[in-house]
Amino acid sequence: MQRDGTSFVQGASRGIGLELVHQLLGRQPEGHVIATCRRPADAADLQALTARHPERLRLIALDVREEKTIAAAAEAVARQTKELQLILNVAGILHGPDFGPEKKLEQVQPEPLRHAFEVNAFGPLLVAKHFHGFLRHGQRSVFASLSARVGSISDNRLGGWYAYRGSKAAQNMFTKNISIELGRVAPHAIVVGLHPGTVDTDLSKPFQRNLPEKQLLAARESVAALLQVVDSLDREDSGKIFDFRGKEITP
Ligand SMILES: NC(=O)c1ccc[n+]([C@@H]2O[C@H](COP(=O)([O-])OP(=O)(O)OC[C@H]3O[C@@H](n4cnc5c(N)ncnc54)[C@H](OP(=O)(O)O)[C@@H]3O)[C@@H](O)[C@H]2O)c1
C-alpha cells in the first residue's frame, strides 16, 4: 500500500473505525485521512486526534441512513482531493437500545430489519454511488467494507440473527456487484469485504461471555491485521470477502 495519498474512513467515531483512523495516521506519515461520523461535535476521541494532526486528519459529518449527508460529504471531499487510495466502510449495527439479534422467527420486527439493512448493506452501496469517482485514477486503490463471517450463507450452521446476517449477506452481494462495475471503469480499484474477527467493541460486548479463550481480539490487533490484508490485495481479489488473517470467506 502506498504510504501517502488520502484514505477515507466512514463510521469512525469509536470501535474499529476509530482504531483504523489512528493506525492509518501512524503508518502514513505523509498521508491524509478523512474520517466521518454521524455527529462530529460529540466525537471526542476523533476530535482529540484531529487536534494532534490538524494538517492530516479531517472530520466530516456523514450518517449512512441519510443519503444527502453522503452526497454532501462527497462534495466536501472533492474540494480537498480528486483521488482516494483507500475507502473503508466501517459503520455497522447488530443491536440497539430496543432491539437485539433475533433468536427465532417470532422476534423478527420490520423496523430493526430496516435499520440493519440501511446501515450494514445500503450504507456501503450509497457510499460507492457517491464516491466511486474518487477511485477512477491510474493507481491501485481499495474500496473495503467491514463485513462479518455470519453474513456467509454457506457458513451458516446456527441460524438466527436474521437482520444482521441478512444485511451482511446483502452487503457482500453489493460488494461483488460494485467490483464488477468498477472493474470496467476503474480497473485499478480493488473492492472487497473484510471480516475483522470478534473484536472487543460495543458491538460485541453483549456476546463476549461464552467465547473460547483468545478468540476476542483487541481493536488494535484486528486493525493491524486488517491493514496488512488491505496491503496484500491485488486485482484478482476484487469482489471477494476476506477475514483478518487474509483467508477468503466463501459467500
Ligand atoms: N466487533 C466485532 O466483533 C465485529 C465482528 C464482525 C464484524 N464487525 C463489523 O465491523 C464494523 C465495525 O464494528 P465495531 O465493532 O467497531 O462496532 P461499534 O463499536 O458498535 O461501532 C459502530 C460504528 O458504526 C457507526 N454507525 C452506526 N450507525 C451509523 C449511521 N447511521 N451512520 C454512520 N455511522 C453509524 C457508529 O457511530 P455512532 O458512534 O454515531 O453510533 C460507530 O462508529 C461493523 O460493520 C461490524 O458489523 C464487527
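Start with the sheet. Eight strands build an open, mixed sheet in the order β3-β2-β1-β4-β5-β6-β9-β10. Strands here are DSSP E runs of at least two residues, helices are H or I runs of at least four, and both are numbered from the N terminus. Two strands count as paired if DSSP finds at least two bridges between them. At the edges sit β3 (57-61) and β10 (248-249), each pairing on one side only.

The model is predicted: local features need pLDDT of at least 70, side-chain atom pairs count only at pLDDT 80 or more, and totals for chains, interfaces and linings use all residues. Residue numbers start from 1 along each chain as its sequence is written.

**Stop 1: β1 and β2**

Select residues 6-10 and 32-37. These are β1 and β2, paired in the parallel sense over 5 bridges. Click on Gln-10: its bridge partner in β2 is Thr-36. Now click on Ser-7, which stands opposite Val-33 in β2.

Is β1 mostly covered or mostly exposed? It is mostly covered, with 5 of its 5 residues buried. Buried is 20 or more other C-beta atoms within 10 Å of a residue's own, exposed is 12 or fewer, and partly exposed is in between, with C-beta atoms placed from the backbone. Because side chains alternate between the two faces of the sheet in a regular strand, colour the two sides separately. Thr-6, Phe-8 and Gln-10 are on one side of β1, Ser-7 and Val-9 on the other, and all are buried.

**Stop 2: helices on the sheet**

Stay with β1 and β2. Contact means that the C-beta atoms of two residues, placed from the backbone, lie within 7 Å.

Next select α1 and α2. Their axes come within 10 Å and cross at roughly 10°. The two helices are therefore roughly parallel to each other; the cut-offs are under 35 degrees for roughly parallel, over 145 for roughly antiparallel, 65 to 115 for roughly perpendicular, and oblique for the rest. Show the side chains of Leu-18, Val-21, His-22 and Leu-25 in α1, then Asp-45, Leu-46 and Leu-49 in α2: these make the contact. By class, the α1 and α2 contact has 5 nonpolar, 1 polar and 1 charged residues. Here Ala, Val, Leu, Ile, Met, Phe, Trp, Tyr, Cys and Pro are nonpolar, Asp, Glu, Lys and Arg are charged, and the others, Gly among them, are polar.

**Stop 3**

**Stop 4: β5 and β6**

Select β5 and β6. They run parallel, joined by 6 bridges. Val-142 stands opposite Ile-190 in β6. Strand β6 (residues 189-195) is mostly covered, with 7 of its 7 residues buried. Ala-189, Val-191, Gly-193 and His-195 are buried on one side, and Ile-190, Val-192 and Leu-194 on the other.

**Stop 5: single residues**

Select Pro-112 in helix α4. It is buried, with 21 other C-beta atoms within 10 Å. Pro-112 touches Phe-99 and Ala-163, not counting residues up to four places away in sequence. Draw a distance to Leu-94, 18 residues apart along the chain: the C-alpha atoms are separated by 9.3 Å.

Move to Gly-133, in the loop between α4 (110-131) and β5 (141-146). Gly-133 is partly exposed, with 16 other C-beta atoms within 10 Å. From Gly-133 to Ser-152, 19 residues apart along the chain, the C-alpha separation is 29 Å.

Finish with phi. Most residues other than glycine have a negative phi. Trp-161 has a positive phi of about 50° although it is not a glycine. Find Trp-161 in the loop between β5 and α5 (162-185). With 20 C-beta neighbours inside 10 Å, Trp-161 counts as buried. Lys-214 has a positive phi near 70°. Lys-214 lies in the loop between β7 and β8 (216-217) and counts as exposed, with 6 C-beta neighbours inside 10 Å.

Terms used: Axes are lines fitted to C-alpha atoms, for helices over the stretch in contact, and angles run from 0 to 180 degrees between N-to-C directions.
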